[in-house]
Amino acid sequence: MKERINFRHLMVFAFMILAFACKEEKKEPQLAQKKTENPPHIVFVTGDEEYRSEESMPMLAAIAKRELNAKVTVCYALDSTGTIDPNRLDHISNLEALEDADLMVIFTRYRQLPKEERDYISNYVESGKPIVGFRTSTHAFKYDDSTLEYWNNEWPTKVFGQQWITHHGHFDDGKFPVTNISAIDSSNAILNGFKPFEAYSWLYHVDGGDWSLYGDSKPILKGYSTKSQHEIDGNLDKFPLTNPVAWTKSYTGNSGKAGRVFFTTLGHPYDFKLPQVRKIAINGIFWALGKEDKIPEDGVNVTLASPYEPNNSGFGQKYKLNQKPKPIH
């Protein structure tokens with residue numbers, strides 16, 4: 001009888017040890033998962049003298065920081081005093097941050113960066129890491145030197161899907177919307193929470209007539225121009241009133257790795273006042289990072305923590321003067 005009791009006790013004890021061991025084994029995958037969920041480093045490269053990217057990108061950076069717990073760096077065109085000057089074409093600050101970035105978000109126009117600065121952008125792109133691009137990044141660079149012409153048209157076409165071609169005209173700048181936006185591929189998670197809206201960006205031509213989007217570009221949004229110089233001039237056979245305004249693609253660089261690319265030709269400063277545009281932009285950032293499964297059905301929360309009151313688009317000194325970079329909160 002005593003031996004039977006001892007044997008029963010031994011069996012209970014052995015079972016407890018086995019159960020505890022199983023519990024310990026289950027903890028390991030959870031720890032491994034936590035290690036892989038490091039906050040991403042997102043670098044926003046600004047530098048355009050027309051569309052106030054120095055205002056819209058920091059606003060998006062703040063949302064990305066909040067919603068992704070991301071580390072964010074914003075790079076600006078600065079003058080010699082460290083003041084933001086979008087008209088300075090030959091310098092963008094802090095591009096070395098791209099060396100350890102997980103995502104580059106770029107909104108530049110006709111930059112003439114020296115090689116050492118341009119290389120930070122080029123090396124990042126060739127690494128196969130993801131990219132999100134806005135509007136004038138179809139003409140991110142402009143070099144007069146014939147040995148650098150590759151950067152003007154060929155580079156943005158290969159990386160983003162198209163170069164600068166034309167748009168439908170500077171009508172009602174900031175006064176009224178001029179482009180109706182609707183979905184092409186509602187199944188893409190970037191369009192979670194999407195509803196049709198009217199944009200202030202005049203429509204860029206990227207596809208149709210003599211032009212086609214490059215490579216594996218897959219349009220997900222289209223715009224219809226409600227006011228068009230090409231319609232007035234009778235050129236709609238070459239430049240139709242409807243064109244893609246957002247697409248996804250891949251870019252395979254020297255690393256041999258195909259990186260995700262999300263691009264949109266939206267980018268008027270007043271567009272970003274619209275929750276719909278902010279949602280497309282932030283959903284696009286999630287998608288580029290491979291986190292489309294984290295995008296809620298109604299899209300990422302893009303509520304503003306502080307007012308976004310950008311200057312209107314335009315050249316010259318229409319940007320906010322005497323501004324220096326501020327921390328992103």
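**Helix packing**

Analyst: H2 passes H6 in a right-handed crossing (the near helix is turned clockwise from the far one by less than a right angle). Helices are DSSP runs of H or I, at least four residues, numbered from the N terminus. This is a predicted model: local features need pLDDT of at least 70, side-chain atom pairs count only at pLDDT 80 or more, and totals for chains, interfaces and linings use all residues. Residues are numbered from 1 along each chain as its sequence is written, and side-chain values use heavy atoms, without hydrogens and water.

User: Which residues of H6 make the contact with H2?

Analyst: Contact means heavy atoms within 4.5 Å. H2 contributes Met59, Leu60, Ile63, Ala64, Glu67 and Leu68. The H6 side is Arg278, Ala281, Ile282, Ile285 and Phe286.

User: How many residues of that contact are nonpolar, polar and charged?

Analyst: Ala, Val, Leu, Ile, Met, Phe, Trp, Tyr, Cys and Pro count as nonpolar, Asp, Glu, Lys and Arg as charged, and the others, Gly among them, as polar. By that scheme, the contact of H2 with H6 has nine nonpolar, no polar and two charged.

Definitions and conventions. Helix = DSSP H or I, 4+ residues; strand = E, 2+ residues; numbered from the N terminus.
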